[in-house]
Amino acid sequence: MAEYTLVRSRRRRTFCLQVDGQGALRVLAPASARLEAIEEFVSGQTDWIERIRRRLAGRPKPVVLTDGALVPYLDTTLRVVLGADGGRPRAERDGDVLRIAAADGAAMRGHIELWYRAEAYRHGIERILHFAPLVGRAPKKLRIAGQRTRWGSCSSRGTISLNWRLMLAPAALFDYVVAHELCHLLAPHHGEGFWREMARVMPDYAVHRRALRAQGDRFTL
Ligand SMILES: [Zn+2]
């Protein structure tokens with residue numbers, strides 16, 4: 001039986017199980033619930049608890065952004081060099097060095113994200129110009145987004161959104177998402193027609209699709 005903290009509440013009518021970021025369990029139960037009933041509830045959730053804990057264990061730790069930290073950038077890695085904030089906070093690339101001038105760690109993270117967003121826009125336009133002639137359609141607009149759960153989207157008005165975190169992934173995966181969203185300009189849904197276009201534009205797309213699914217959690221700062 002898994003260890004847990006029991007929290008009883010007079011207002012509660014049902015059992016509820018929570019797992020925090022460290023994997024610790026908390027059981028919320030009605031004030032009057034018998035201990036056997038609680039134990040029975042928890043042991044019925046064993047599979048779920050295991051699944052959540054495995055996911056937590058496999059989750060990458062955020063990169064510690066300090067002087068000398070290494071950050072992924074498409075197929076290469078940049079070294080962060082922290083400079084003094086001379087009243088003008090900024091981030092700029094110099095070869096494989098990413099120079100950041102920031103007052104503190106939090107400001108630094110903000111500058112790095114802004115820089116990656118600008119790079120994602122620049123690189124995104126470049127890759128759209130490459131793939132649009134192959135697809136036979138061009139978007140009206142490119143937008144850079146930052147949702148945790150979405151790599152890209154394509155609106156019915158022809159706006160393509162790309163997640164800036166794709167700059168932390170290999171270039172082939174960035175390309176896959178660009179090609180994927182452009183193909184949505186031909187076929188809005190993931191039907192047979194959509195995947196046919198996808199295979200035409202990028203014959204090995206399935207490899208990249210699988211890689212993005214399997215490793216997507218890693219592409220974060
Ligand atoms: Zn899609």
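Modeller: In the protein chain, residues 24 or more positions apart account for 41% of the contacts with a separation of 6 or more, a contact being two residues whose C-beta atoms, placed from the backbone, lie within 7 Å. This is a predicted model, in which local features need pLDDT of at least 70 and side-chain atom pairs count only at pLDDT 80 or more, while totals for chains, interfaces and linings use all residues. Residues are numbered from 1 along each chain as its sequence is written.

The protein chain has six helices and ten strands, taken as DSSP runs numbered from the N terminus (helices H or I, at least four residues; strands E, at least two). Its radius of gyration, over C-alpha atoms, is 23 Å, well over the 17 Å that the globule rule (2.2 Å times the number of residues to the power 0.38) gives for 221 residues, so the chain is more spread out than a compact globule.

Turning to the pair itself, helix H3 (residues 105–135) packs against helix H4 (residues 171–183) at about 50°, with axes 9 Å apart; axes are lines fitted to C-alpha atoms over the stretch in contact, and angles run from 0 to 180 degrees between N-to-C directions. That makes H3 oblique to H4, the class left once angles under 35, over 145 and from 65 to 115 degrees are set aside. On the H3 side the contact residues include His123, Arg127 and Phe131, and on the H4 side they include Phe174, Asp175 and Leu182.
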